[in-house]
Amino acid sequence: RRGERGEGGVQSTGGWPQAMSGTLTIALLGCPGVGKTAIIRQFLDNDFSPSYSPTRGRRVHRASVMLDGDIYDLKIVDVPHIATFPTTGDQEWSDSRCRGIRNANAYVLVYDICCLDSFDYVKMIRQQIAEVRRPNTRQAPIIVVGNKRDLQKHRFTPRRSTSDLVKRMWRCGYIECSARYNWHVLLLFKELLNSSVDPRYKQGHPSIRIQGALQRNRCNVM
């Protein structure tokens with residue numbers, strides 16, 4: 001176990017005596033090269049690698065986190081690029097890249113703020129998630145993440161335009177971050193965890209302000 005310090009003075013603790021409040025499965029999806037794996041790596045290890053290696057297989061990471069005194073076990077699924085979101089169980093389990101993502105508790109849809117094509121992909125996947133999950137299950141929270149904020153001089157559209165579209169029309173959360181500089185990465189997971197456990201979000205509130213600190217404990221890659 002190790003102590004780590006992230007945004008806003010958040011620090012992990014050496015040992016938590018409380019029982020787990022639950023397990024949350026979080027699926028990260030996006031085009032190749034948008035920074036899904038880099039975001040996860042910063043969250044787990046406070047580390048960034050400038051070299052790029054495409055995610056070719058489904059990867060699952062584990063982290064224990066504390067929010068406002070409650071402990072959650074996060075199962076973070078790094079999903080390789082898929083052409084479409086699986087619409088049936090057979091499609092989901094026949095492709096190893098997609099296993100378990102239809103029943104995830106929350107989704108992080110990552111795009112590159114300098115690449116319009118990556119945003120169009122997020123737009124398509126979000127719509128497919130809504131269509132697939134609506135008939136039989138409650139709507140899982142979705143947060144759209146604009147990565148590479150450090151390159152904002154090259155962005156394809158102003159932040160406000162994208163934020164308004166995502167929050168007002170899609171009714172999803174929206175945040176921008178920089179995996180390279182670990183900017184807003186921890187805030188992203190605070191937003192995600194809060195929206196997953198706060199019942200007000202499930203009733204369709206487009207934005208929830210986060211209260212309290214998120215703390216990370218030991219993180220294991222599986």
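The model is predicted: local features need pLDDT of at least 70, side-chain atom pairs count only at pLDDT 80 or more, and totals for chains, interfaces and linings use all residues. Residues are numbered from 1 along each chain as its sequence is written, and side-chain values use heavy atoms, with hydrogens and water left out.

Switch to a cartoon. The chain has 6 helices and 7 strands (DSSP runs numbered from the N terminus: H or I of at least four residues for helices, E of at least two for strands). From the N terminus on, their order is β-α-β-β-α-β-α-β-α-β-α-α-β. Of the 222 residues in the chain, 47% are buried (under 20% relative accessible area, with a 1.4 Å probe and protein chains only).

Next, select Leu29, Ile39, Phe43, Leu74, Tyr107 and Val145. These have the most contacts inside the largest nonpolar core, which has 57 residues. A nonpolar core is a set of buried Ala, Val, Leu, Ile, Met, Phe, Trp, Tyr and Cys residues joined through side-chain atoms within 4.5 Å.

Leaving aside neighbours within four places in sequence, tyrosine 107 is in contact with residues including Ala27, Leu29, Phe85, Ile129, Arg133 and Leu192 (contact: heavy atoms within 4.5 Å).

Because 10 of its 13 residues are buried, helix 5 is largely enclosed by the rest of the structure.

Now move to helix 4, residues 159-169, and pick threonine 162. At 4% relative accessibility, threonine 162 counts as buried. Beyond neighbours within four places in sequence, threonine 162 is in contact with Tyr111, Phe119, Thr157 and Tyr174.

Finish at the largest pocket by selecting Gly35, Ala38, Ser51, Tyr52 and Ser53, which lie nearest its centre among 26 lining residues. Helix 1 (residues 36-45) gives the most to this lining, with 4 residues. A pocket is an open set of points on a 1 Å grid over the protein atoms alone, where a 1.4 Å probe fits, with protein on both sides within 12 Å along at least five of seven lines; lining residues have an atom within 4 Å of a point.

Definitions and conventions
Buried < 20%, exposed > 50% of the residue type's maximum accessible area, 1.4 Å probe, protein only.
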